[in-house]
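Please look over the structure shown below together with the following numbered remarks. They proceed from one chain as a whole to its partner and then to single residues.

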There are 2 protein chains.
Amino acid sequence: MVVEIVVQFENVRADPASMNILCVGTLAIDTVETPVGKRERVLGGSASYFSYAASLFAPVRLVGRIGSDWPPEYTRILSEHGVDWRGVMHDSHAKSYFWHGRYHADYQDRDTLKIEMHGFDRYEPNVPDHFRESDIVFLAAAIPTVQKKVLDQCLSPKLVFADTVDMWIESTREELLDLLLRLDGLFINDAEARQLTGLSSSLQAAHAIRSLGPTWVILKKGEHGCLILGPNTTLALPAVPTVALVDPTGAGDSFAGGMLGYLASRYATLQNSPLHKKELRLAIDPADMAQAMKFGTAVASFTIGGFSLDGLRAINHDQLAARVQDIERLVGCQPRS
Amino acid sequence: MVVEIVVQFENVRADPASMNILCVGTLAIDTVETPVGKRERVLGGSASYFSYAASLFAPVRLVGRIGSDWPPEYTRILSEHGVDWRGVMHDSHAKSYFWHGRYHADYQDRDTLKIEMHGFDRYEPNVPDHFRESDIVFLAAAIPTVQKKVLDQCLSPKLVFADTVDMWIESTREELLDLLLRLDGLFINDAEARQLTGLSSSLQAAHAIRSLGPTWVILKKGEHGCLILGPNTTLALPAVPTVALVDPTGAGDSFAGGMLGYLASRYATLQNSPLHKKELRLAIDPADMAQAMKFGTAVASFTIGGFSLDGLRAINHDQLAARVQDIERLVGCQPRS
């Protein structure tokens with residue numbers, strides 16, 4: 001198999017003094033049907049949503065795989081937004097990961113009509129040398145053994161977060177439990193948290209997951225917002241109520257991207273501290289996590305307003321700051337600035 | 001039929017300068033089974049929960065009906081908390097309204113095992129003369145024609161709120177639509193909002209209900225909190241995450257009681273203004289509604305921590321203020337005081 005590394009890196013928009021973020025996940029071509037329309041073969045995948053969102057705040061390094069049918073335009077969308085594309089493997093002998101989904105009329109559920117892996121299930125991510133010293137690592141949902149192999153390639157990251165989905169809870173529970181021991185935080189949706197723990201209460205499930213390793217558990221509840229548990233900390237926000245829902249795909253991944261992006265920008269100064277070089281994980285201040293929650297919620301509210309990354313691509317920093325203030329007003333608080 | 005009025009009114013705890021609140025609803029004897037236990041023939045009913053909660057803040061006048069088997073102790077619990085009991089009809093020839101319910105293991109649903117109306121379905125509330133000039137009127141869920149007849153007996157209330165449930169949406173839709181035209185606000189749970197409007201989105205349903213009359217629509221979402229729509233205003237809060245859930249009965253009614261109680265205390269000064277005597281409804285400041293939402297959420301979080309009114313009865317004002325601050329921290333805001 002001949003592979004080539006696509007190198008494209010330009011136009012970093014985020015503060016270069018931020019901590020950087022390594023994202024490993026799926027780059028996909030999606031066909032999506034929602035109650036308001038259909039888009040064929042658009043840019044999708046957990047890594048696309050996460051890395052675009054995170055790069056609103058911080059430098060993002062991407063590790064993933066694309067195939068022979070990958071439109072160069074999709075590479076450009078991410079790389080021009082500051083996503084370092086040098087970890088993406090271009091497999092010219094296979095097609096890209098493809099997903100075709102259809103949302104129900106009430107957006108409460110979706111059916112997967114087709115998944116074409118095209119060898120993605122055998123892909124073992126290689127973290128390039130120049131990415132191994134990344135500050136924050138985000139392991140998007142994947143086979144836990146693959147997530148662990150990625151983590152093994154990283155040198156003393158300051159924060160490690162992962163996501164997972166029902167398939168891996170079902171089929172690779174033991175490996176997932178091993179991974180949990182190595183995480184600072186787990187993003188998981190509420191149904192999957194209940195599946196993982198066998199508990200019927202989302203809150204109890206989140207507490208139980210914390211006891212399995214992650215310092216922070218970020219429960220994604222879709223239209224009901226999020227719940228975050230950490231050391232002596234409980235946080236929750238509703239989602240931004242919107243009647244302009246277009247496509248919920250990527251809401252959770254861009255939420256994670258917004259949160260970790262915010263944290264990366266928040267801890268920029270640590271880069272120059274002696275602590276930074278030590279093999280220590282970072283203790284996140286609950287007040288920072290609370291702000292991260294707002295930024296993640298704000299970013300996700302843009303994501304769902306368009307197909308593919310269209311909603312995300314329409315964000316500028318003023319709009320994002322205004323949306324965070326909207327969220328503060330929504331919950332009856334005085335905006336901070 | 002011989003009826004007698006039980007007169008008992010003592011020990012007002014709330015600020016007597018607050019606006020007063022008239023509550024008309026059900027006084028019930030409940031047998032409740034939840035995953036953590038069972039209580040037989042305890043104090044229940046929408047009016048009990050609402051009036052106890054509201055009387056944490058303001059003077060509450062109660063109109064309802066009890067039967068021959070009503071324990072005097074239950075009267076004492078409410079009247080000693082400042083609920084003016086003089087509008088309660090004691091029907092010595094019939095028993096009290098009785099409800100027996102059982103919650104599912106995950107608290108997501110409940111089954112009604114028995115309802116004994118004992119003539120409550122033929123009860124037509126009479127608002128005593130000395131209650132007719134009440135500032136705020138709360139019409140707990142009942143047949144809409146009965147709710148309207150109560151409202152007809154009230155003289156220029158400043159605010160009128162009502163609640164409704166699936167049964168009346170199903171069987172008396174036209175009468176309910178008539179009632180909506182006369183309301184400042186409707187409390188309704190999200191499933192019932194969708195039922196009323198035929199819309200699959202709770203948010204769209206809430207918008208649609210506003211177009212049917214109520215200035216404010218307060219969507220009760222149980223464990224997912226609440227969503228409030230008003231003039232140029234959208235508010236939302238998650239419920240307080242708690243693993244100490246005991247009995248969710250009355251959460252919605254005490255939430256309403258906490259909200260309207262807070263508003264009553266907030267608008268105390270209006271009592272002495274020339275405006276007060278005019279036949280005008282009150283325009284609620286969105287900032288006050290936001291605070292009311294927090295207090296309602298706080299009160300409900302106590303309710304569900306015990307059977308019957310046990311959770312509510314354990315509240316003191318310091319605990320309530322502390323819980324509101326907890327809620328502000330929960331959503332990542334600086335507590336106000």
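1. In chain A, 69% of the contacts with a separation of 6 or more are between residues 24 or more positions apart; contact means heavy atoms within 4.5 Å. The model is a predicted one, in which local features need pLDDT of at least 70 and side-chain atom pairs count only at pLDDT 80 or more, while totals for chains, interfaces and linings use all residues. Residues are numbered from 1 along each chain as its sequence is written, chains are lettered from A and ligands numbered from 1 in the order in which they are written, and side-chain values use heavy atoms, with hydrogens and water left out.

2. Chain A contains 11 helices and 14 strands. These elements are DSSP runs numbered from the N terminus: helices are H or I with at least four residues, and strands are E with at least two.

3. Along the principal axes, the C-alpha atoms of chain A fill a box of roughly 50 × 50 × 45 Å.

4. Of the 337 residues in chain A, 59% are buried. Buried means under 20% relative accessible area, exposed means over 50%, and partly exposed lies in between (1.4 Å probe, protein chains only).

5. Chain A also meets chain B: 28 residues of chain A are in contact with 28 residues of chain B. The two chains bury about 2100 Å² between them, 63% of it on carbon and sulfur atoms. In chain A, the residues that lose the most area to chain B are A:H224, A:V243 and A:L330, together 20% of what that side buries. Buried area is the accessible area (1.4 Å probe) that two parts lose on being put together, summed over both.

6. Where does B:C226 lie? B:C226 belongs to strand β13 (residues 226-230) of chain B. B:C226 counts as buried because its relative accessible area is 4%. Among the residues that B:C226 touches are B:L235, B:F255 and B:M293.

7. A:Y107 sits in the loop between β7 (97-103) and β8 (110-116) of chain A, and B:N232 in the loop between β13 and β14 (233-237) of chain B. Is each buried or exposed? A:Y107 is buried, at 18% relative accessibility, whereas B:N232 is exposed, at 86%.

Key: Lists of a residue's contacts leave out its neighbours within four places in sequence.
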